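Q: I have the model open and want a quick walk through it. Can we start with the interface and then look at the folds?

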Amino acid sequence: MRTQTTDLIFSAGSLDHRVSVIVPLYNYEKYIVDTLESVVNQSWSDLTIIVVDDCSRDESAEIVKNWMQRCAASSSLGLFLLRNKQNVRLATTRNTGVAFSQSEYCFFLDADNLLYPRCIEKHVEALDARADCPAAYGLIEVFDADTGIIGAEVFDRARLKHGNYIDAMAIVRRESLLALGGYHDIRHGWEDYDLWLRICEHDHIALQIPEILSRYRVHSASMLRTTTNKSKNIRELKRNMTKLHPWLDLH
Amino acid sequence: MPIVSEADMAALRASGQFDPVWYAEVYPDVALLGLDPAEHYLWIGRRLGRFASARARDSLDHGLNEVPTQLTSMQSKRVEAETDVFEHDLIEQVSKTRLFDEQWYSQTYGKRSSPGENLLEEYLRAYAHDPSRDAGPLFSTLYYKQENPDVRGIHPLVHLVKFGLREGRKAFSPNKSNEFLDSSDQNLISSIDSLLSKDESILVLYWSEGNFFFKDIAQYTVEYLNNIGYSAVLSSDSEASSSWRGAVIVVAPHEFCVHGPGRAWSTDQRQQAIYLNTEQWHTSWFSLSLQFMLESNRGALDINPSSAAGLARLGIKTGFVPLLPLAGSCFDFPSGAISSQITQHKYIKPLSYPETFTARPYDLCFLGVGNERRNKALAGLATTLGQFDSFIHCPRLSGPVRVGNPDMMSSSDFAQIARNSKILLNIHQGDSHYLEWHRIFLSGIMEGCVVVTEPCCPVRFIESGVHYIEASLNEMPALLTELLSSSQGKRRLDEVHRNCLSLRAQIDSGERFLL
């Protein structure tokens, strides 16, 4: 699993919690506090927050450090802020958080998204009930510049063959993720799609939780709206993904 | 002296749309009568539905010449003269649909029929200068044009009748459909006895490759009819119908007759069948179904009472088949495990089937095919839903939903979830207020679930506020919170739940619907 060397900017509490919420951070100073607050407000308290800053050029890291300092005074959560030695993009940044985590389950939360209060509890309940599943995901409310629901379809190889419809905001068994080699760095994105495809190839599924548990922000600065969605990049992505997974049919 | 004015004849000749040589050649009686071709055309030819030129005939002209839009430099009187060209058959064809409501038209636009011109012709002709006029309480001329912008040079209603239904064009606006169904008298619904005889055998057909749910409805229709004294059998084999001596019921004609074996049926076969409609009026599926129901000599059935009344109002003899949890029928679901197809892919809370309503493990459930409208509505409710234990099933699906699709939820699985939910949420598929009987009545009320729904077209068998609760999407968050959290709300929930149980008991005893 590819990771990045980091500096530990802040730490409080323990890594010894059942769930780690891993937050890759890059230039989201405007949203990161709301995102972290939604984690603190979870009904599930046996958790560690690991924020991995991917060399943000704004004040994101400083804001998180200050927030963690304030939070540590009144919280029993594990709170950790790491900073990559160099900018390595999303997949490797997530992996770095996974490598640092000591939890049974890792939940991936992008720095501009939000959790509903029972999100982690419900994800843990689902994975606890299904030892055969390496991952689980809930329905997600799309908000801000758009409105809707994603993740409403179950994990299905035949459907994934034609494109991704499951967001990265999901819980994954750390052990399974390590066995899969973590996220693979895919030029222009789609590292989450690649992970789902590798789960398919191992004849496993991610379990769907039929509840709306989190919020996905759509805004002009989102990576999905910029890097990944440029048509030239999409063509290249489709080519590359089909090379990696020849059974795909991405037309 | 000519029968029509020289000026009108000159205008027609100058229009470039009339070919006197071609006209005289094709219609030799013109010369026999000693009339000028233009004179004949203006006097009687147009009323006979004759074509003004070879071009008009070849383009079929759909009963309305291109002339009106091309004679813009002429006086409106002359435009009118040219627009007044309708084949007799076409007028009859349009009339038969009952989409043109003479009384409504007369009252709305203050028009009266005059000798030689009925109001339908007047409506069609008026389109050239007033395209906003509607044909009746159901058909909106402008809506059809807006939904089908490719419709040009032809009156929208004429297009619908000649092409639109067959092509599955969306014909009716949700608002007009709402008003039409709301105001249709449900006493117009025919009894099953008036549609079918107990002396004849009944063949119920469905398309084997179609939506799984229509097979369920076909199966249920057989069971329901047999239950009330008829003799019905189920088949997906169209061959069986050709030699069948008895009544034939086609379930979901928009599938069976459009994609399935009914495509190969003769006119006679189509006319002899009874069609069971399953679709909402604002959809293209309904348009496809309507063409067959209009063609039938025997009538139609519907699974929704207000829809059945609406069809009856259109002159189609229509009966209502209530989907009920009849003992021993395919909608009688024993409590049991959810199918492995669902549990394999979804996390389901342990279902306890508690005696006590308040102990049901899910606070609320929603089950329906996802689309933009529903997904936006659910997103708007997400903050509220997040506070409770919910089961939300809203996958986007394309094409018929068949057994084996991992996102398919069978009626049995739906019943198990509903039986373990306090509230069943209903969000309409579109802007129509059509009451989804299957979801609201069969899966909700009959399972003792309190249905909270967007406002619905009323149906006479159940009552809003008694058997279900209506609220707009804006009102829903506060209502759901109140029902699930406050003591007053819980009392209301319990009261509606008890009303549902009482109705279920009446149905189980045969006291309702089966008389």
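**Interface and folds**

A: The area buried between chain A and chain B is about 2,300 Å², and carbon and sulfur atoms give 52% of it. Keep in mind that this is a predicted model.

Q: How many residues does each chain put into the contact?
A: Chain A gives 28 residues and chain B gives 26 residues.

Q: Which three residues supply more of the area that chain A buries than any other three?
A: They are A:Val154, A:Pro210 and A:Ile212. Together they supply 23% of the area that chain A buries against chain B.

Q: Switching to chain B. What domains does the assignment give?
A: Domain 1 covers 6-171, domain 2 covers 186-320 and domain 3 covers 340-508.

Q: How far apart are the centres of domain 1 and domain 3 of chain B?
A: Their C-alpha centres lie 50 Å apart.

Q: Now sheets. What is the strand order in the six-stranded one?
A: The order is β2-β1-β3-β4-β5-β6 in chain B. The sheet is open and the pairing is parallel.

Q: Which strands stand at its edges?
A: β2 (231-235) and β6 (318-320) of chain B. Each has a single partner strand, so one side of each is left without a neighbour in the sheet.

Q: Zoom in on β4 and β5 of chain B. How many bridges join them?
A: Three bridges join β4 (residues 274-277) to β5 (residues 300-302), and the two strands run parallel. In one of the pairs, B:Asn277 has B:Asp302 of β5(B) as its bridge partner.

Q: What does helix α15 of chain B touch on that sheet?
A: Helix α15 (residues 212-227) packs on the sheet and touches β1 (201-205), β2, β3 (246-251), β4 and β6 of chain B. Its direction makes about 165° with that of β2(B).

Q: Where does α19 of chain B sit?
A: Helix α19 (residues 284-295) also packs on the sheet, touching β4 and β5 of chain B. Its direction makes about 160° with that of β4(B).

Q: What about the five-stranded sheet, what order there?
A: It runs β8-β7-β9-β10-β11 in chain B. The sheet is open, with parallel pairing. The edge strands are β8 (390-393) and β11 (468-470) of chain B, and each pairs on one side only. The twist averages 20° from one strand to the next.

Q: Which strands does helix α25 of chain B touch?
A: Helix α25 (residues 476-485) packs on this sheet and touches β7, β9, β10 (450-453) and β11 of chain B. Its direction makes about 170° with that of β9(B).

Q: What joins β7 to β9 in chain B?
A: Three bridges join β7 (residues 362-367) to β9 (residues 421-426), which run parallel. B:Cys365 stands opposite B:Leu424 in β9(B).

Q: Helix pairs next. At what angle do α1 and α4 of chain B cross?
A: Helix α1 (residues 6-14) and helix α4 (residues 37-45) cross at roughly 105°, and their axes come within 9 Å. That makes α1(B) roughly perpendicular to α4(B).

Q: Which residues of each helix make the contact?
A: B:Asp8, B:Met9, B:Leu12 and B:Arg13 come from α1(B). B:Ala38, B:Glu39, B:Tyr41 and B:Leu42 come from α4(B). By class, that contact has five nonpolar, no polar and three charged residues.

Terms used
Residues numbered from 1 in each chain as written. Chains lettered and ligands numbered in written order. Predicted model: local features only at pLDDT ≥ 70, side-chain atom pairs only at ≥ 80, totals over all residues. Heavy atoms only, no water. Pairing = 2+ DSSP bridges. Helix = DSSP H or I, 4+ residues; strand = E, 2+ residues; numbered from the N terminus. Axes fitted to C-alpha atoms, helices over the stretch in contact; angles between N-to-C directions. Contact = heavy atoms within 4.5 Å. Domains from an automatic or database assignment. Buried area = accessible area lost by both parts, 1.4 Å probe. Parallel < 35°, antiparallel > 145°, perpendicular 65-115°, else oblique. Nonpolar A, V, L, I, M, F, W, Y, C, P; charged D, E, K, R; others polar.
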